[in-house]
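Let's take a walk through this fold together. Keep the viewer open and follow along as we go.

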Amino acid sequence: MEARCLKAMPVQRIKQMIFALHRITGIGWHAIKRAADGQLWQKDEWSFEYLREIGFNTAQAEKISQASEGWQISNPLPDRNFANYIHALTPFDSQYPQLLQEIAQPPWLIYAVGRLELLHNQAIAIVGTRMPTSYGRQTALKLSQELSGGGLTIVSGLARGIDACAHEAALERPGGTIAVLPTPINVCYPPEHQLLYNKLSVSGLLISETPFGTRLHPGQFHQRNRIIAALSAVTVVVESAQSSGSLITAKHAFEMNKELFAVPGQIQSPKSAGTNELIRTGAARLLSEAKQIFEELSWLRPVRGKMAENGLVSAKSAEQDRWMGLSEEEAGLVQLLQEEPLSRDEIFERLSIPFGHLNILLLNLCIKQKIELQAGSVYRVL
């Protein structure tokens, strides 16, 4: 897509072009790029002749020209009622995740329901077989609970087995969880996960790049898996047979130069053949416990305060990190709030820092994840 090269375009018209093309059956990523390269967004009418001129084949040109009426007011949602809770994000929207911009073929349009802020958290994918053993289920639950408790957002695919365990364990933890769907955003798959789907739509996040009305086919699972890997700094495969779809996610993560871990299993178990092979060939690192992730990946330190609360690092290490990168005034503020949570007015009374400057200090400390603003306008140390 090279969306950064398209920034000079009038944003609203390019978005409307994407909306209009995305809903046409048979018009995929390359076709939309061809339209952008051919500056189709500049044309008020999309004629068959012009579409052929910029490189579309006859069948595509016929489809697009027939469906192009009123494209300038195109809406990505088929029903106005969806607009109340479904977000449609293009690479030109500020909430579109930067990590997706960095892959070879970023989705031109993703639909989202729930907590959009999760798209910008540090995230880790947990994936595995749809038919796990008891060992696999318990491992997925424990890893997801502890990693999300440490502030990482858990990404998975809402599939049966390991995926569902990962979502359930992370749903109410600090890091939260994102489910990437192979189906359109308004369709739950598999159907028996409707309750989990409903929970995620409120307390987590559901996303999909599949157009409304699209029937499920195998290729959508491959597309879904690439997004899971792209959104995650780290991918963990918990239990996987040799032909498991989770190995496709692992392959995407490997090709994207992401960190890849695998949980070892019994050598006699076919459910662990895939994970054991990832470890044997050196494609993935062996993972035995959650805190190993934080110990080996030092750049995950922004969430170390929450990790200490959950016993994933020593309290001493977390205490040392608390003062890193702070000015003398910021350190004094943190030290004050360590004693007890305080409101802005109470801090002002105790430190006599000019009010405007105090606001800047508090904002900086929130951005640095040293403190947080709670209900009632009270600040506390993380």
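Contact here means heavy atoms within 4.5 Å. Helices (H or I, at least four residues) and strands (E, at least two) are DSSP runs, numbered from the N terminus. You're looking at a predicted model, where local features need pLDDT of at least 70, side-chain atom pairs count only at pLDDT 80 or more, and totals for chains, interfaces and linings use all residues. Residues are numbered from 1 along each chain as its sequence is written, and side-chain values use heavy atoms, with hydrogens and water left out.

Start at strand 5 (residues 177–180). Thr177 and Ala179 point one way from this strand, Ile178 and Val180 point the other way, and all are buried; buried means under 20% relative accessible area, exposed over 50%, and partly exposed in between (1.4 Å probe, protein chains only).

Now look at the neighbours. Two strands pair if DSSP finds at least two bridges between them. Strand 4 (residues 153–156) runs parallel to strand 5, joined by 3 bridges, and isoleucine 178 is the bridge partner of valine 155. To get from strand 4 to strand 5, the chain passes through helix 7 (residues 162–170) in a right-handed β-α-β crossover. Right-handed means that, with the strands pointing away from the viewer, the path from the first strand over the helix to the second runs clockwise.

Strand 6 (residues 205–208) is also parallel to strand 5, again with 3 bridges, and here alanine 179 partners leucine 206. Strand 5, helix 8 (residues 194–203) and strand 6 form a right-handed β-α-β unit. On the way into that helix, the loop between strand 5 and helix 8 holds proline 190, and the peptide bond from tyrosine 189 to proline 190 is cis, with omega near 0°.

Which residues of helix 8 are buried? They are Leu196, Tyr197 and Leu200. They sit on the same side of helix 8 because they cover an arc of only 105° around the axis, taken from the directions from the helix axis to the C-beta atoms. The buried residues of helix 8 pack against strand 2 (110–114), helix 7, strand 5 and strand 6, while Leu195 and Val202 are exposed on the other side.

Glycine 274 counts as buried because its relative accessibility is 2%. Leaving aside residues up to four places away in sequence, glycine 274 touches Ser240, Ala241, Gln242 and Leu247.
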